[in-house]
Amino acid sequence: MKRLPSVLLLIFFFVFIMMAPQAGAEPKTDGKPDGGALNYGEYGRPTTLDPITSNDMISMRITELIFNGLVGINEKQEIVPELAERWEMSEDGKFYTFYLRQDVTWHPKEEEEPVPFTAEDVIFTYNIMMHPKTITSMKVRYEFIESVIKMDDFTVQFTLKRPILNALAKFSFKVIPQHGPANQEFLSREDPFAQKPIGTGPYMLKNITADREVILVANENYFKGRPHINKFAARPFADQNIMSQALLFNAIDMIVLVNHRDIPQIQGDKRYVLQPYNALSYSFFGYNMRNPLLADKRVRKAFTYAVNRQEMLDSFFQGQGTIISGPFAPGSWAYNLDVQPLPFDPQKAIELLNEAGFVKGDDGIMVKDGQKLSLTLKVPIAKESEAVKRVVLAFKNYLNKIGVDIEGEFKEWLSWKEDVFLNHEFDIIFASWVFDDSADISSLFHSAEIGSWKNNFGAYSNPEIDSLIVESKLTLDHEKRRTINRKLHAIIADESPYTFLWTLTNYAAFNKKLRRVAIHPYKFFSFADDWFIPTSEQR
Amino acid sequence: MKLSSVRPIALLISKELVIAAFLLLGVSFVIFIILFLSPGDPFSTMLKGQMLSGAAKAGAREALGISQAWYSQYLSWLANMLHGDFGTSTRTGLPVLGEVIRVGINTLYLTVASMLLTLLLAVPIAIFSARRGMTFFNWTSTIFTYVVSALPIFWLGYIVIYISMHQFGFFPLAFGSSSQKFDWLNFMLPVFVLGIGNGTISEVVRYLREEMERVFSEDYIRTAHAKGASIWKHSFKEGFLIPITETIATKIPFILGGAVVVEQVFNWPGMGRMAWQAAQDRDYPLIMGITLLAAIIVRLGSLIQRVVHIMVNPRASQE
């Protein structure tokens, strides 16, 4: 009984010690609670977890959580400092100097002290990326950089081959640590770093479970402040229906991209929030201008008039999208809002065909010079999509009504690619392009891009378009570029090398317990360190 | 095991192993040729996001050290394989051998368990109808098994998940959440679907019943019955063990095939799901590894069946 007061004091002392804040970076000062876990579902699995060898969307979302770039992009699409505190651009636009933060450390390995981030890591990343033996899709994007040198431990200077408009945005590439990869010269998928990445970002890899779930835990020392949510788990699903059901049964808390068919069901459920984000992509029917029947612009325009795009969008995608009139994604700065999509007018379509010299034959199919307007439509099957099949069927019906016979053919993804990009054996295709933020359509419509495995698969060739594209790439004035792009948009809309369809609104669905969820249009998790879960709803 | 059967078994096994080696070689070669001739190649997966120009492909080829001619590609794979190096997946960079064994074990759990379930359901029906003749119960249960065998396996999978979710409020995430090591209930559902949906039940019932009826009418069984001995004990080996092992051995490839669908639906990390993904990615090393493992499993099945046959009847090896 005599010892009781000292024991109590000791207990009190220990409790006090444990309640003291953890050592490390400052917690976020926004007053929101820490804790909780977020399980999110992906349709498919990641390939590798490093930002250089991985090239699929799922891996990119995970690397967005693990790594940082020199600069970042905020919700308003402005460039903000990330690993670099500030930067300078030379007068002639050929030298970019970045002053790096000095308080950043790499994710620590077990039982080891965190290694500080320095200029060496930036140089290392660039060298690895550009090494000829590194197999990556990134090389093409950074070929405009001539070299990089280290000015001091926390300063790097990039030399460009020529000044580029908006080059700063390109320096958002993720930086990897020099002490990370086993091979110091080039990075291959076999390097253990590809499966056990080390970054500077808000989350670090903890482990990958037996069923390929990727578990990430909060980085206590994150330089922007410890992220709120303790744990992120990426769970792969082989089936989209099951994934949607998993959300509704709280087996997962979030789906990155909701299957359009399941949107009504989730919309009606009050426990979940459906958040739209616009991906920079659009779907289209592409024409092969090598076929003399399709070489005539009036024929292509007639097809566009014949198709009721709004009806298709409403019926198959619940109207969740925007009809587009030209070659840019509607969310992009280059899109010309003054150019309206052609209206649904089958009568006009028939008139145009007649103008082009086609007459309706006895079987209802348009004929010209003895040649029937009978074409093949080739569609790739990547993952199962009922909506695609419906669109194809609808297209067939619309065109049948104006006297065109379409034969649809579904092909496996890679063999379809060979048909379209290598052998050019097709008349029409149905596909989608996905863009990065540069709104660069030069590889799609420039005549130099006609050939094996080049993007101008339809062999569209127009000297006016060619010169406009070249001018747009060379100019350094943003306004001028915008004007040129608007002109491009107008001309291409008129020429109709594609029948432009729509950009679908992507929806992410998540449990209401997640708060302050801002989603980046294609990187998705850029702002995930701000998301939080109220204490009462943490699991 | 009879002493007289030891020698034939040893001979059989050694002969089988030699044949199996050649067979596997042939399988790997055929698969390789098919991969080589089919459109698409692994570079598309690795270089996705940029159009596959000839230059990019050539660069990747050089970086990976892949020779141009198809036969040298095959021979180098073969040489590596004989040293135990099955290469690495072009998609994830992980070593093929480790990955295939990991998923192979998962699929094996699924396959073996579902086979046991199939037998558990089919055998009683067969025995009952063999012994008692075609009573009403036997008729209905036989028809039931035929109907069930005809159900498409993916449909069955969806229905089972739907029922388990909406009737029992239980979401079957195979392997449970990351914290659980082996969630038995989650395991039961895919086993149930595969065991019933793979179409083997009706085969087992029909074949087993036929064989048992045939054996029951054999003279030596009649003699045993007349003597008062148990006919079950005497008919077991020929009427039961042999047909069962034969059916299983022939049905293994189909069960493996059914496992592909079940793994997709239930998100089971097994060989079938990996094979499908690898085929899409044209992940050549992984495809070769998986098909080799599948061929080994099938061969092993038929080997075990032959061994059992000889154990039961050593004279069979001389037929």
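This is a predicted model: local features need pLDDT of at least 70, side-chain atom pairs count only at pLDDT 80 or more; totals for chains, interfaces and linings use all residues.
View 1. Chain A has 14 helices and 22 strands; helices (H or I, at least four residues) and strands (E, at least two) are DSSP runs, numbered from the N terminus. Along the principal axes, its C-alpha atoms fill a box of roughly 110 × 55 × 40 Å. Chain A holds 539 residues, of which 39% count as buried. Here a residue is buried if 20 or more other C-beta atoms lie within 10 Å of its own, exposed if 12 or fewer, and partly exposed in between, with C-beta atoms placed from the backbone. Among the contacts in chain A with a separation of 6 or more, 68% join residues 24 or more positions apart; two residues are in contact if their C-beta atoms, placed from the backbone, lie within 7 Å. The average pLDDT of chain A is 86, and 94% of the residues score at least 70, where pLDDT is the predictor's confidence in each residue, from 0 to 100. Confidence in chain A is lowest in helix α1 (residues 4-19), with a mean of 55, and highest in strand β11 (residues 254-255), at 94. Please read residues 15-25 of chain A with this in mind: pLDDT stays under 50 there, and the model has 9 contacts beyond four places in sequence for them.

**View 2. Helices α10 and α11 of chain B, side by side.** Helix α10 (residues 219-227) of chain B packs against α11(B) at an angle of about 160°, and the axes are 9 Å apart. Axes are lines fitted to C-alpha atoms, for helices over the stretch in contact, and angles run from 0 to 180 degrees between N-to-C directions. The two helices are therefore roughly antiparallel to each other; angles under 35 degrees count as roughly parallel, over 145 as roughly antiparallel, 65 to 115 as roughly perpendicular and the rest as oblique. As for handedness, a crossing is left-handed if the near helix is turned anticlockwise from the far one by less than a right angle, and right-handed if clockwise. On the α10(B) side, look for B:Tyr220, B:Ile221, B:Ala224 and B:His225, which meet B:Ile231, B:His234 and B:Ser235 of α11(B). These contact residues divide into 4 nonpolar, 3 polar and no charged. Ala, Val, Leu, Ile, Met, Phe, Trp, Tyr, Cys and Pro count as nonpolar, Asp, Glu, Lys and Arg as charged, and the others, Gly among them, as polar.

**View 3. Helix α11 of chain B where α5 crosses.** The axes of α5(B) and α11(B) cross at roughly 120° and come within 10 Å. That makes α5(B) oblique to α11(B). This crossing is right-handed. From α5(B), the contact uses B:Thr107, B:Leu110, B:Thr111, B:Ser114 and B:Met115, and from α11(B) it uses B:Ile248, B:Ile255, B:Leu256, B:Ala259 and B:Val262. By class, the contact of α5(B) with α11(B) has 7 nonpolar, 3 polar and no charged residues.

**View 4. Where chain B touches chain A.** The contact takes 38 residues from chain A and 33 from chain B. On chain B, α2 (43-46), α3 (54-64), α7 (153-166) and α11 (231-266) each supply at least two residues. The largest share of this side, 4 residues, comes from α3(B). The side of chain B that touches chain A has 16 nonpolar, 13 polar and 4 charged residues.

**View 5. Two loop residues with positive phi.** A:His424 has a positive phi of about 55° although it is not a glycine. A:His424 sits in the loop between α11 and β20 (428-434) of chain A, and is partly exposed, with 16 other C-beta atoms within 10 Å. B:Arg282 likewise has a positive phi of about 55° and is not a glycine. B:Arg282 belongs to the loop between α12 (271-281) and α13 (284-312) of chain B, and is buried, with 21 other C-beta atoms within 10 Å.

Methods: Residues are numbered from 1 along each chain as its sequence is written. Chains are lettered from A and ligands numbered from 1 in the order in which they are written.
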